[in-house]
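Dear colleague,

Here is the structure I promised to pass on. My notes on backbone geometry and charged pairs follow below it.

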Amino acid sequence: DTGVSQNPRHKITKRGQNVTFRCDPISEHNRLYWYRQTLGQGPEFLTYFQNEAQLEKSRLLSDRFSAERPKGSFSTLEIQRTEQGDSAMYLCASSPWGAGTDTQYFGPGTRLTVL
Amino acid sequence: AQTVTQSQPEMSVQEAETVTLSCTYDTSESNYYLFWYKQPPSRQMILVIRQEAYKQQNATENRFSVNFQKAAKSFSLKISDSQLGDTAMYFCAFLLTQGGSEKLVFGKGTKLTVNP
């Protein structure tokens, strides 16, 4: 396994711009999660995919946020009209399906700074 | 409400000594999973240890072990023979499964510094 990868690793944008992040899960992991982590806090859940189906969206995910996972492979997280409060680390995690496969494996994250 | 509380924002320990990080959680479920994750400075989150609630035996992974007290809803992490590489943020997490969805609920973390 090559691990969960995320791109870009860092993104600096101006308020009001749109940004898109990509997550490539571990091969054959059909469950994918997005979390947001602000400085000094633990990660907070944003959304969960099982294959291509988005099964849950947190209330943290406002209308400006959208996530997709076409064909159940990689996933994208888009933030429209960014605000300074969106500045955070965005973490992606994946896990396989089956008994005893509850562990989530995290990527390195994308750090977003909104100026 | 499903919550995780880590009451120690920061801790320090001397190299080779033992340290215990505390974690309490709240859940109404009877079967669940608990985790400790480690996040070194500027590096990604990695799993340290996991515990299945229906197992009474405390999980152990090399120098890392847990003290799982189900009735008290307590899940502390003990690190033996601390090493400089153990310096990191440590997060306690609870796997919440509801209505076909699942997610980790994290505590706020404990910053551990291992001093030479």
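**Backbone and salt bridges**

A:Pro8 sits in the loop between strand E1 (5-7) and strand E2 (10-13) of chain A. Please keep in mind that this is a predicted model. The peptide bond leading from A:Asn7 into A:Pro8 is cis, with omega near -10 degrees.

Two residues other than glycine have positive phi. In chain A this is A:Arg81, with phi near 45 degrees; A:Arg81 belongs to the loop between strand E8 (75-79) and strand E9 (88-95) and is partly exposed, at a relative accessible area of 46%. In chain B it is B:Lys73, with phi near 55 degrees, placed in the loop between strand E8 (64-69) and strand E9 (74-79).

B:Lys73 also takes part in a salt bridge with B:Asp26, where the closest N and O atoms are 3.5 Å apart. B:Asp26 lies in strand E4 (residues 24-26) of chain B and B:Lys73 in the loop between E8 and E9, so the pair ties together parts 47 residues apart in sequence. Both ends are partly exposed: B:Asp26 at 34% relative accessibility and B:Lys73 at 25%.

The count over all chains is nine salt bridges. Among them is A:Arg64 with A:Glu83, at 3.4 Å between the closest N and O atoms. This pair links distant parts of the chain, 19 residues apart. A:Arg64 is buried, with a relative accessible area of 11%, whereas A:Glu83 is partly exposed at 39%.

B:Glu52 pairs with B:Arg50, the closest N and O atoms being 3.5 Å apart. Back in chain A, shared partners join A:Arg64, A:Glu83 and A:Asp86 into one salt-bridge network.

Regards

Key:
Residues numbered from 1 in each chain as written. Chains lettered and ligands numbered in written order. Predicted model: local features only at pLDDT ≥ 70, side-chain atom pairs only at ≥ 80, totals over all residues. Heavy atoms only, no water. Helix = DSSP H or I, 4+ residues; strand = E, 2+ residues; numbered from the N terminus. Buried < 20%, exposed > 50% of the residue type's maximum accessible area, 1.4 Å probe, protein only. Salt bridge = Lys/Arg side-chain N within 4 Å of Asp/Glu carboxyl O.
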